[in-house]
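Please read them alongside the coordinates.

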Amino acid sequence: MTENTHRTPARSERPAPDDLAPARPVRPALRVVHQPGGVDLAAAEAAAGRFLDALGVRTDSESLRGTPGRMARAYAELFSPRPFDLTTFPNDEGYDELVLARRIPVRSVCEHHLLPFVGTAHVGYLPGARILGLSKLARVVEHFSCRPQVQERLTKQIADWLQLQLEPKGVGVVIEAEHSCMTLRGVQAAGSSTLTSTLLGLLRSDARSRSEFLALTGAAP
């Protein structure tokens, strides 16, 4: 699976009046598109039908006849994040305190059993030269969640990608999720949750910044 990203062409700037400073060129937004390969819903539906049949689940009744197709469309939706523009703005005020979006919904699928895991993500960063449109933090979480995943990798992918694209002074990601592969099967540990974190830059190396971030996310002991 690859990430297809490209810059959206910027609009041309109007000439500045003589008594004003020249306008700063607009930085083009990064278009983020996930390309998992071709999606063949007909083949997926046929395979789902064979899968259910192999497990002894008959699909010839009125209520189950459409189940293979619904399965195929459901998993196609789970594996298809929406494209978005990574909109950033110049940090003209020199803001240097933590920016944190808490309780972002996480919905993903365990790659080992293809069962869902759901929870929340807390994503924060210490701004550098640019700041990020706040809704884009949730978009990045969705972008990396909509594929077969493990929570540890998901946490690190979000942090690493924000560090690369935004070049902040620090990035922190904490995810807490409940895995149905753990609560509904096997050990059947109902009510258990898994907590993972990735800290980069000053949020890793500076003790005060790290403590502030973890306290605000509720992950501090």
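1. Among contacts (heavy atoms within 4.5 Å) in the chain between residues at least 6 apart in sequence, 69% join residues at least 24 apart. This is a predicted model: local features need pLDDT of at least 70, side-chain atom pairs count only at pLDDT 80 or more, and totals for chains, interfaces and linings use all residues. Residues are numbered from 1 along each chain as its sequence is written, and side-chain values use heavy atoms, with hydrogens and water left out.

2. The chain has seven helices and 10 strands. Helices (H or I, at least four residues) and strands (E, at least two) are DSSP runs, numbered from the N terminus. Of the 221 residues in the chain, 36% are buried; buried means under 20% relative accessible area, exposed over 50%, and partly exposed in between (1.4 Å probe, protein chains only).

3. Helix α3 (residues 135-145) and helix α4 (residues 151-166) have axes that come within 10 Å and cross at roughly 130°. Axes are lines fitted to C-alpha atoms, for helices over the stretch in contact, and angles run from 0 to 180 degrees between N-to-C directions. The α3 side of the contact consists of Leu137, Val140, Val141, Phe144 and Ser145, and the α4 side of Leu154, Gln157, Ile158, Trp161 and Leu162. These residues divide into eight nonpolar, two polar and no charged (Ala, Val, Leu, Ile, Met, Phe, Trp, Tyr, Cys and Pro count as nonpolar, Asp, Glu, Lys and Arg as charged, and the others, Gly among them, as polar).

4. The largest nonpolar core has 30 residues, of which Leu86, Val123, Val140, Ile158, Trp161, Leu162 and Ile175 touch the most other members. A nonpolar core is a set of buried Ala, Val, Leu, Ile, Met, Phe, Trp, Tyr and Cys residues joined through side-chain atoms within 4.5 Å. At least two residues of this core come from each of β2 (30-35), β3 (84-86), β5 (99-110), β6 (116-126), α3, α4 and β9 (170-179). The largest share, six residues, is supplied by α4. A second, separate core of seven residues includes Leu98, Val174, Leu199 and Phe213.

5. Leaving aside residues up to four places away in sequence, Leu86 touches Ala29, Leu30, Val32, Leu132, Lys136, Val140, Trp161 and Gln165.

6. Ala101 lies in strand β5 and, with a relative accessible area of 18%, is buried. Beyond four places away in sequence, Ala101 touches Ala121, His122, Val123 and Leu137. Ala101 and Gly124 are 23 residues apart in sequence but 6.1 Å apart in space, C-alpha to C-alpha.

7. Two backbone angles deserve a look. Most residues other than glycine have a negative phi. Gln188, in the loop between α5 and β10 (194-201), has a positive phi of about 50° although it is not a glycine. Gln188 is also exposed, with a relative accessible area of 54%.

8. Thr183 is found in helix α5 (residues 180-183) and counts as buried at 10% relative accessibility. Not counting residues up to four places away in sequence, Thr183 touches Glu178, Gln188, Ala189, Ala190, Gly191 and Ser192.
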